[in-house]
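Hi everyone, thanks for coming.

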Amino acid sequence: MTTQSAVIPAFKPAGAGPALTAALLVTMIAAATIAGAWFFQLVLEILPCPLCLEQRYAYYLAIPLGLLTGLAARAGAPRPLLLAGLAILALATLANAGLGAYHSGVEWGFWKGPTDCSGPVVNLGNAGDLFSRLDTVKVVRCDEVQWRFLGLSLAGYNVLISMLMAAIAGWGFVRTAQR
């Protein structure tokens with residue numbers, strides 16, 4: 001035990017238990033989800049819209065942060081460090097669930113989406129350029145669902161997966177804080 005952990009009980013190593021489990025579960029779910037998104041994009045050629053791409057940011061954060069938090073838990077890192085990692089994971093995935101819900105609402109027509117992917121095309125450039133750009137650009141609209149399974153689009157599944165990851169990170173946070 002270090003001098004710091006003897007003086008400040010909060011800096012006592014938390015043990016690997018729930019922090020390790022939660023961090024690694026979130027990492028594995030995030031990695032599998034991103035692999036699935038890339039499969040849909042690269043193999044099935046279902047191109048992502050701008051909102052779809054924004055929803056991937058939370059996964060790009062969750063994979064390395066979950067891995068680092070898991071490694072820190074395994075190494076016996078201080079509890080505040082583990083709690084911070086789990087809190088960031090929970091908040092990022094919860095915010096991503098909100099973004100996915102917003103995107104799903106745009107797809108169902110409950111509200112308007114961002115103009116860059118669901119509004120009218122404003123700037124077409126000059127006429128000489130227009131035809132060459134139309135041949136090379138595929139516009140993927142945020143308000144048009146390209147694929148559904150059991151009534152849910154990929155944005156809808158993102159909500160469910162993000163909520164699951166937030167719940168797991170929250171569970172790990174609470175259990176680590178109680179130790």
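**Starting from one residue**

Let's begin with Thr69: leaving aside its neighbours within four places in sequence, Thr69 is in contact with Ala23, Leu82, Gly85 and Leu86, where contact means heavy atoms within 4.5 Å. Thr69 lies in helix 3. Is Thr69 buried or exposed? It's buried, with a relative accessible area of 6%. For these words, buried is under 20% relative accessible area, exposed is over 50%, and partly exposed is in between, using a 1.4 Å probe and protein chains only.

Quick housekeeping before I go on. This is a predicted model, where local features need pLDDT of at least 70 and side-chain atom pairs count only at pLDDT 80 or more, while totals for chains, interfaces and linings use all residues. Residues are numbered from 1 along each chain as its sequence is written, and side-chain values use heavy atoms, with hydrogens and water left out.

**The whole chain**

Okay, zooming out. How many helices and strands does the chain have? There are seven helices and two strands. Both kinds are DSSP runs numbered from the N terminus: helices are H or I with at least four residues, strands are E with at least two. Going along the sequence, you get the pattern α-α-α-α-α-α-β-β-α. Of the 179 residues in the chain, 36% are buried. And if you take the contacts with a separation of 6 or more, 78% of them join residues 24 or more positions apart.

**The core**

Now the inside. In soluble globular proteins, nonpolar side chains tend to be buried together. Here the largest nonpolar core has 20 residues, and the ones with the most contacts inside it are Val26, Leu82, Leu89 and Met165. By a nonpolar core I mean a set of buried Ala, Val, Leu, Ile, Met, Phe, Trp, Tyr and Cys residues joined through side-chain atoms within 4.5 Å. Which elements give two or more residues to this core? They are helix 2 (17-42), helix 3 (50-74), helix 4 and helix 7. Helix 2 gives the most, with seven residues.

Take Leu89 as an example. Apart from its neighbours within four places in sequence, Leu89 is in contact with Val26, Ala62, Leu65, Gly66 and Ala169.

**How the helices pack**

Two packed helices are described by the angle between their axes and the distance between the axes. The axes are lines fitted to C-alpha atoms, for helices over the stretch in contact, and the angles run from 0 to 180 degrees between N-to-C directions.

First pair: helix 4 (residues 79-108) and helix 7 (residues 154-178). Their axes come within 8 Å and cross at roughly 160 degrees. Helix 4 and helix 7 are therefore roughly antiparallel to each other; angles under 35 degrees count as roughly parallel, over 145 as roughly antiparallel, 65 to 115 as roughly perpendicular and the rest as oblique. The residues of this contact divide into 17 nonpolar, twelve polar and two charged. In that count, Ala, Val, Leu, Ile, Met, Phe, Trp, Tyr, Cys and Pro are nonpolar, Asp, Glu, Lys and Arg are charged, and the others, Gly among them, are polar.

Next, helix 3 and helix 4: their axes come within 9 Å and cross at roughly 165 degrees. So helix 3 and helix 4 are roughly antiparallel to each other too. Their contact has 17 nonpolar, seven polar and one charged residue.

And helix 2 with helix 4? The axes come within 11 Å and cross at roughly 35 degrees. Ala19, Ala22, Ala23 and Val26 in helix 2 meet Leu82, Leu86 and Leu89 in helix 4. By class, this contact has seven nonpolar, no polar and no charged residues.

Met28 lies in helix 2, and at 55% relative accessibility it counts as exposed. Met28 and Gly66 are 38 residues apart in sequence and 8.8 Å apart in space, C-alpha to C-alpha.

Gly98 sits in helix 4 and, at 41% relative accessibility, counts as partly exposed.

Last one: Glu45, in the loop between helix 2 and helix 3. Most residues other than glycine have a negative phi. Phi of Glu45, though, is near 55 degrees, a positive value. At 63% relative accessibility, Glu45 counts as exposed.
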